[in-house]
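Colleague: I'd like to learn how to read domain interfaces and salt bridges. Could you walk me through an example?

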Amino acid sequence: MLSNAFINACISLLGEENVLTKESELITYSYDATPGIPREIPGAVLFPQTTEQVQGIVKLCRENKVPIYPRGAGTCLSGGPVPLSKGVVISFQRMNKILEIDTDNLTATVQPGVVVATLNAEVAKYGLIYPPDPGSMAVATIGGTVAENAGGLRGLKYGVTKHYVMGMEVVLPTGEVFRFGGKTVKNVTAYDFTGLFVGSEGTLGIITEVILKLIPAPKYRKSMIAFFGTLEDAGQTVTDIIRAHVIPATLEIMDNMTIRTVENFAKVGLPTDAAALLLIEVDGNGKDGVEEEATKVIEVIQKNKGTYKVAETDQERDNLWAARRAALPALAQIKPATVLEDATVPRTKIVDMLRAIQEIAKKYNLTIGTFGHAGDGNLHPTILVDPMDKDEMARLDKAIDEIFEAALKLGGTLSGEHGIGIAKKKYLKNEIGSSGIEVMKRLKKALDPDNILNPGKLVPMED
Ligand SMILES: Cc1cc2nc3c(=O)[nH]c(=O)nc-3n(C[C@H](O)[C@H](O)[C@H](O)COP(=O)(O)OP(=O)(O)OC[C@H]3O[C@@H](n4cnc5c(N)ncnc54)[C@H](O)[C@@H]3O)c2cc1C
């Protein structure tokens, strides 16, 4: 329980309207988008609007040994913002100003609560884009996406969040404000602090300002959808597109289970007997270059016995993408809970991974639909379960263990996008070994000696 004196100090720092303490209001903040993980209703939720207020909260929490759980929009899929004790949640949803769009240096300086889609809508007015585009971008915040190093559909060609963070301001768990980086394209001064804090999942510092790189929006694009009779043909197409030196902006895959479910749900005209489909979009600033790349992609599809359809208008493009957008909602309606996993392998191993997932589904009698970013080797096996069915939940745990075992065996990684948080902490040693764990623990102890910042996440301090 937080003391009255602590709550009163928070109120004098932030104002009564920025401090929640009623249990009915706090419950929401004990969830993110991850089913089946431990959680606790926090002692309070705080809404700072300035760096000084964040610093004040941290100092107060440090004096009182109160754990802090930073939170953006709560869309995390690994338990990152979920409280594990009666500490405080710091929500950044009211610290959400775009401070500057610098059209000469091509940067945006923003507060952490800015929603990714809002930033993109603003920079679009200047013919610019901020490329990292997670599926959750309509609500996910810059703070949350930087803390998770989020990726998205455009990751293959344009990279992920870490490629766009040029500088940051963070409040350290000891209360100091630390600024690094800036608007210079080059900066090799000191350690690579951006690399350290991007993807640190709210465990090393609280992000209070970010300088982001923007790029000119590509003028032309061409989208197509291709269907294949075997997974092997679809997988070979992915490899051959890259081998033909075409890097599509997006290169997405869906397995048969997902195709059937999407068609049943959205009636977009997908052939339900296809083993897999690929959604491909090439883009660029020259019309001829984009046409040339599209032609090369079509040749590759044909060589691999695929059938295809090219979108000739924006309306047709939207229709193609409707199928991809429907994948998660369509799968989610099958059972009460949806476990959206994130297994990533080298892209040449995509077919092996899809096969492994299908075998695991059969072995544990589970419904798993898989879709994902084929170009990055980043697959989302989506497991549909009923949390009331204890037997099914036990089979789910075993299946997830085996999915990650398979990904690591294929030279992959535990997470391409969704982070480690609480959900994947137990597997971490399998990928980074004891020495990796030791380095993480030393970094955590050096920056957060009291272990008050997002304790219990990412770093297995207990190992
Ligand atoms: C439908 C759906 C689709 C998704 N698609 C994608 C996708 O395509 N790609 C992808 O990468 N992810 C995806 N995700 C996962 C999720 O949206 C991302 O992890 C996103 O980065 C979380 O942002 P958020 O604002 O919701 O942060 P939260 O979930 O609130 O927090 C995420 C982490 O960031 C920390 N954090 C938040 N703000 C700060 C801050 N200011 N300072 C320090 N730490 C902070 C939290 O403590 C937590 O550890 C998806 C999720 C859903 C539900």
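Colleague: Which domains does the domain assignment of the protein give?

Modeller: Domain 1 (4-91), domain 2 (98-216), domain 3 (219-327), domain 4 (334-422) and domain 5 (424-463), with bounds from an automatic or database domain assignment. This is a predicted model, where local features need pLDDT of at least 70 and side-chain atom pairs pLDDT 80 or more, while totals for chains, interfaces and linings use all residues. Residues are numbered from 1 along each chain as its sequence is written, and side-chain values use heavy atoms, leaving out hydrogens and water.

Colleague: What area is buried between domain 1 and domain 4?

Modeller: Interface size is often given as the accessible area lost when the parts come together. Here that is about 630 Å², with carbon and sulfur atoms giving 73% (accessible area lost, 1.4 Å probe, summed over both parts). On the domain 1 side, Pro35, Leu77 and Ser78 lose the most area to domain 4, together 71% of what that side buries.

Colleague: How many salt bridges are there between domain 1 and domain 4?

Modeller: Side chains of opposite charge can pair when their charged atoms come close. The count between these two domains is 0, although the whole structure has 28 (a Lys or Arg side-chain nitrogen within 4 Å of an Asp or Glu carboxyl oxygen).

Colleague: Which residue forms a salt bridge with aspartate 401?

Modeller: Lysine 426, with the closest N and O atoms 3.3 Å apart. Aspartate 401 lies in helix α13 and lysine 426 in the loop between α13 and α14, so the pair ties together parts 25 residues apart in sequence (helices are DSSP runs of H or I, at least four residues, numbered from the N terminus).

Technical notes. Buried area = accessible area lost by both parts, 1.4 Å probe. Helix = DSSP H or I, 4+ residues; strand = E, 2+ residues; numbered from the N terminus.
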